[in-house]
Amino acid sequence: MTAGPSYDTVVIGTGLAGLTAALRLAEAGQRVAVLAKGLGATHLSPPTIDVLGYAGGPVESPAQALPEFAAANPQHPYGQLPVELIRASLDWFKASLGDQGFQGSLDENFFVPTAVGAAKPTALLPESMAAGDLRQGGRFVFVGLRGLKDFFPTYLGDNVARAERPGDAPVTSRAIEIAPALGQPRDVSAVGFARRFEQPAFREAVLTELDRSIVPGEIVGLPAVLGLRSAREVWSELETRLGHKVFEVPTLPPSVPGIRVYETMTSILRARSTRFVIGNPVSKAEGANDRLEGVVVHAAGRPLIYRASSFVLATGGFPSAGLELNSAGKVREAVFDLPVANLPEPGEPLFAPGYFDEHPLSRSGVAVDVHRRPVDEQGAPVYENLHAAGAVLAGAVPWREGSGNGLSLASGYAAASAILEAP
């Protein structure tokens, strides 16, 4: 086995939780390596930071709802994350990704349209999405781009008009489609349109068609494809020249705004000499006396060991194979074979009958102590220097709670804090 370089911390996973932990540690001066078998969920979902969207109904203020939610759900990760730490993680994220222009706070949720027109509660969002906040009502026009198959403005607009949201300010909507020339090559994916929006001639064609299609007072919703590297500039130009508020609406995957966040975070990390090894899974761990010493990655046909003082596990849950369910119904954590908590009792069903039910397996994952270290059935740390963050954690049902990115951000931030504060 070939010995690789040593680091202060090795992070396993490139989703929001892993990148958050890595960036916070790198900002503190640590030498960090990020290992992953592939890209995380940033490329699939919007980069809105949903801390807590639903708790017996839509949540208007996460800061006010979190204490009661944590008390009612003591095994939830938020049960171990103080509200002020969650607030600090949001403030850190806005400051670290300043060029993304994130807006909002823990004190109140925006309610913005999803790709299907539901009103989504979220604490932070990019500046280019803020004008879509439905709480104040308004006259909205949703703009389709001919050729883009991942955006359905008519369906979206019909649903937005009756979406559940706070307040009673009226919302009206309509849909239009514009057909600017696509040029060559005819890439009609979301990423292809994002590249086009960075071309002045394409923007000019879009502006010309919008000028003759929208009416005074309308708020303009465009698919979230307003560029990859210069989205803020594109969005600002459209608002200024149209004289209308403009906002981006998420599309079906891939998520262009999510890719922007990934590129921003990884660019900052690379500028701080962080090592990325993507494409090969971690296959083995080496340790002694309750401490990890290294993890093994098979690259170029040979095993390579990455050693570090600390490790962060941020591989995600079942969708990303951080947790695995085999044909016999056995669940395991995929990298370190850590104990999995909140499993149904032997012989009990793993799934409920309805697709949208809360399944018995939903809250399964890795349990951690207050220092974010995975623990065994007796509550003792499995490894003194291993920390866990994100969707691999036990106790949450992010899609039902509207807590996915908020939980990833806060737990990644907390894992880095535990490492930095360790004696």
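Is Ile178 buried or exposed? I looked this up before anything else. Ile178 counts as buried, at 1% relative accessibility. My cut-offs are under 20% relative accessible area for buried, over 50% for exposed and partly exposed in between, with a 1.4 Å probe and protein chains only.

**Ground rules.** I am working on a predicted model, where local features need pLDDT of at least 70, side-chain atom pairs count only at pLDDT 80 or more, and totals for chains, interfaces and linings use all residues. I number residues from 1 along each chain as its sequence is written, and side-chain values use heavy atoms, with hydrogens and water left out.

**Ile178, continued.** I find Ile178 in strand E8. Helices (H or I, at least four residues) and strands (E, at least two) are DSSP runs, numbered from the N terminus. I left aside neighbours within four places in sequence and listed the contacts (heavy atoms within 4.5 Å). Ile178 is in contact with Val143, Gly144, Leu145, Arg146, Val206, Glu209 and Leu210. I also checked Ser283, which is 105 residues from Ile178 in sequence and 50 Å away in space, C-alpha to C-alpha.

**Sheet with E8.** I traced an open sheet of four strands in the order E8-E7-E9-E10, with parallel pairing. Two strands pair if DSSP finds at least two bridges between them. Strand E8 (171–178) and strand E10 (246–249) stand at the edges with a single partner strand each, so one side of each has no neighbour in the sheet. From one strand to the next, the twist averages 30°. I then looked at E7 (residues 138–145) and E9 (residues 218–223), which run parallel and are joined by four bridges. Val141 has Val220 in E9 as its bridge partner.

**Hairpin.** I looked next at E12 (residues 282–288) and E13 (residues 291–299). They pair in the antiparallel sense over six bridges. Ala285 is partnered by Val295 in E13. Two residues lie between the strands of this hairpin, and Asn289 in the turn has a positive phi of about 55°.

**Val160.** I placed Val160 in helix H4 (residues 153–160). Val160 counts as buried because its relative accessibility is 0%. Beyond four places in sequence, Val160 touches Pro113, Gly117, Leu134, Phe142 and Val171.

**Helix pair H3 and H10.** How do H3 and H10 lie, and at what angle do they pack? Helix H3 (residues 83–96) and helix H10 (residues 404–421) pack at about 95°, with axes 9 Å apart. Axes are lines fitted to C-alpha atoms, for helices over the stretch in contact, and angles run from 0 to 180 degrees between N-to-C directions. I therefore noted H3 and H10 as roughly perpendicular, the label for 65 to 115 degrees. On the H3 side I see Leu85, Ile86, Ala88, Ser89, Leu90, Trp92 and Phe93, which meet Leu409, Ala410, Tyr413 and Ala414 in H10. The contact residues divide into ten nonpolar, one polar and no charged.

**Ser408.** Ser408 is also in H10. I find Ser408 buried, with a relative accessible area of 13%.

**Cores.** A nonpolar core here is a set of buried Ala, Val, Leu, Ile, Met, Phe, Trp, Tyr and Cys residues joined through side-chain atoms within 4.5 Å. The largest has 47 residues, and Met265 is among those that touch the most other members. A second, separate core of 43 residues includes Val143, Ile178, Ala190 and Phe202.

Definitions and conventions: Angles under 35 degrees count as roughly parallel, over 145 as roughly antiparallel, 65 to 115 as roughly perpendicular and the rest as oblique. Ala, Val, Leu, Ile, Met, Phe, Trp, Tyr, Cys and Pro count as nonpolar, Asp, Glu, Lys and Arg as charged, and the others, Gly among them, as polar.
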